[in-house]
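Welcome! Take a moment to look over the model and its sequence before reading on.

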Amino acid sequence: MRHASEAELPEHSAVIAGRKVPTARWIDVVDPATARPFARVARCGPAEVRAAVEAARHTYETTWRFTSPVERSAVCHRIAGGLRARRQELARLETLDTGKPLGQSLADAGIAARYFEFYANALEALGGETIQQRPDRLAFTLREPYGVCGHIIPWNYPLQIAARTLAPALAAGNCCVLKPAEDAPLTSLRLAGIAEEAGLPAGALNVVPGYGDEAGAALAAHPDVDRLAFTGSREAGEAVMTAAARNIVPVTLELGGKSPHLVFPDYDAASAVPQIVESITEHAGQNCSAGSRLLVHRSVHDELVAALAERFRSLRLGPGLDDPDMGPLISAKQRDRVLGYLSEVSDSSIEVRAGGGVPGGEAFADGFYVEPTLLDRVTPEHRVFNEEIFGPVLCVSVFDSMDEAVALAEHTTYGLAAGIWTRDVTAAHWLAQRLRVGQVFVNNYSAAGGVELPFGGYRRSGVGVEKGLEALREYTRCKTVAIHARLPS
Ligand code: NAD
């Protein structure tokens, strides 16, 4: 088979002030199912980032901050419509770029549309409060946009996360500069085009693809950015937060996780199997809130692990465009990272109950595949118990009491999500309050994405909240106005 030569690959430029910006520097965009480049994307640096921030500032000061909520709502509704109308095209692009199954990419495109729709509806109800401080003084608060917001996002759910972070920012009246991940930048650029067609003014959304230590670092450090939102690894999050501290600007950090399921003996464990498996195999486990640990009561351990192992072994792997149960990982680097963790397991007391390596066969020879892997008898002494693997690896540990379950759940430094499986409503209430995590799911996991549900990590999983009404407030700041009234003498 003949492959496109470098010169023939479609090129995707940065979008600044509504224009595609010419560039001489490119990054190959690789299809994770074949390891072959299928496009090239601009490699932006500090100069492009400066131009993007200037464009965002100009549009903010001349146009967007003076629009009414009704006008902004109409634009956001039209962006949602544009995303829905191009759902198939966006899904195909997302799957080529990330390797995820087509059905998941279609769902992601629908969720992206929902973010714009949700904030289009919500923004009209945004307002401050009046404060009756004393008879001769009327005070009230305004919710004002920050101005220019910088958004840095990862490669795992590019379209969904771009919409999650941009929709509330734009709806609140901010102008944005988005730095997508170097490994999966294409749907972010497409989103900018769709937003412009929907009537978003040029410069309100600028997209500067490139590497983290070039474009990302330049955006995080830019002195004219008023607010930052970062989604990604803890290490890069620290760098972004340090840059934000130097400019004294607020920053949202949505970082990693090592989220546990807690399965109690009163629950029909077999009925939880499909959701437990989905929570660690969706997008091959490359999901910040993946349910990557299973803490199970000793009395139901054997039955549950046997059912999980059977399900893991039955999953169909393949290229994302064939819409399998699980596609490849994003890159060779990510696959090797996961295999590095698995290589430690053979010398330990951990039992491999399913998977454990690279799938055999010609079909998987080129792509970045790892088998769905079930590790049993994992304890806090093992590295895989504590660290985010970011692959399709579920670690099973046993507990004998609720206190022990909580201690195991909290042993890691993360605190993103937890799934509790019990019919005991008092136990569920207590655990929901007790666990230091940002989202608790009882007898379900992840509430189908839940655009309406605020999402943010506790502890090293992050700072601040995205999604839901909370995010709209996070992208505005509070100004107080106090007006003196002359009382009749
Ligand atoms: P990453 O931190 O390597 O990259 C994320 C983004 O940051 C990319 O755009 C990258 O180019 C940029 N970046 C890297 N170094 C930077 C720097 N020094 N300054 C500024 N920008 C920089 O993360 P990743 O590998 O793309 O994504 C995986 C991680 O993201 C996992 O830890 C996962 O849990 C986390 N994640 C969290 C959420 C959430 O909502 N909590 C969602 C998705 C992914």
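How many residues of strand β18 are buried? Five of the five residues of β18 (residues 417-421) are buried, so the strand is mostly covered. Here, buried means under 20% relative accessible area, exposed means over 50%, and partly exposed lies in between, with a 1.4 Å probe and protein chains only.

## Before we start

This is a predicted model, in which local features need pLDDT of at least 70 and side-chain atom pairs count only at pLDDT 80 or more, while totals for chains, interfaces and linings use all residues. Residues are numbered from 1 along each chain as its sequence is written, and side-chain values use heavy atoms, leaving out hydrogens and water.

Helices (H or I, at least four residues) and strands (E, at least two) are DSSP runs, numbered from the N terminus.

## The seven-stranded sheet

Strand β18 belongs to an open sheet of seven strands with mixed pairing, in the order β15-β16-β17-β14-β13-β18-β19. β15 (351-354) and β19 (439-442) stand at the edges with a single partner strand each, so one side of each has no neighbour in the sheet. On average, neighbouring strands here are turned by 25 degrees against each other, direction ignored. Two strands count as paired if DSSP finds at least two bridges between them. Strands of a sheet pair through backbone hydrogen bonds, either parallel or antiparallel.

Let us return to β18. Both of its faces are covered: A417, G419 and W421 are buried on one side, and A418 and I420 are buried on the other. β18 pairs with β13 in the parallel sense over three bridges, and H261 stands opposite G419. With β19, β18 pairs in the parallel sense over four bridges, and there G419 stands opposite F441. Elsewhere in the sheet, β14 (residues 291-297) and β17 (residues 393-399) pair in the parallel sense over five bridges, with R293 opposite C395.

## A helix across the sheet, and a loop

Helix α10 (residues 298-314) lies across β13 (259-263), β14, β15, β16 (373-376) and β17. α10 runs at about 145 degrees to β14. Axes are lines fitted to C-alpha atoms, for helices over the stretch in contact, and angles run from 0 to 180 degrees between N-to-C directions.

P265 lies in the loop between β13 and α9 (269-281). P265 has a relative accessible area of 40%, so it is partly exposed. Leaving out residues up to four places away in sequence, P265 touches H297, S299 and V300; contact means heavy atoms within 4.5 Å. The C-alpha atoms of P265 and H301 are separated by 9.1 Å, with the two residues 36 apart along the chain.

Another open sheet has three strands in the order β1-β5-β4, with mixed pairing. Its edge strands are β1 (11-12) and β4 (26-31), each pairing on one side only. β1 and β5 (residues 36-42) run parallel, joined by two bridges, and H12 stands opposite V41. Helix α3 packs on this sheet, touching β4 and β5, and its direction makes about 95 degrees with that of β4. Helix α6 lies across β1, β4 and β5, at about 50 degrees to β5.

How do α3 and α6 (residues 186-197) meet, and at what angle do they pack? Their axes are 9 Å apart, at an angle of about 155 degrees. The two helices are therefore roughly antiparallel (angles under 35 degrees count as roughly parallel, over 145 as roughly antiparallel, 65 to 115 as roughly perpendicular and the rest as oblique). From α3, E89, L90, L93, E94 and D97 meet L186, T187, R190 and I194 of α6.

## Two buried residues: T98 and K100

T98 is in helix α3, while K100 lies in the loop between α3 (87-98) and α4 (102-122). T98 is buried, with a relative accessible area of 0%, and K100 also counts as buried at 0%. The side chain of T98 reaches the backbone nitrogen of K100 at 3.3 Å.

Leaving aside residues within four places in sequence, T98 is in contact with residues including W155, N156 and H283. K100, counted likewise, touches residues including D108, N156 and H283. A polar atom of the K100 side chain lies 2.9 Å from the backbone oxygen of N156. K100 and L321 are 221 residues apart in sequence, yet 8.1 Å apart in space, C-alpha to C-alpha.

Definitions and conventions: A polar contact is a pair of N or O atoms within 3.5 Å; within protein, one must be able to donate a hydrogen and the other to accept it, and residues adjacent in sequence count only if both atoms are side-chain atoms.
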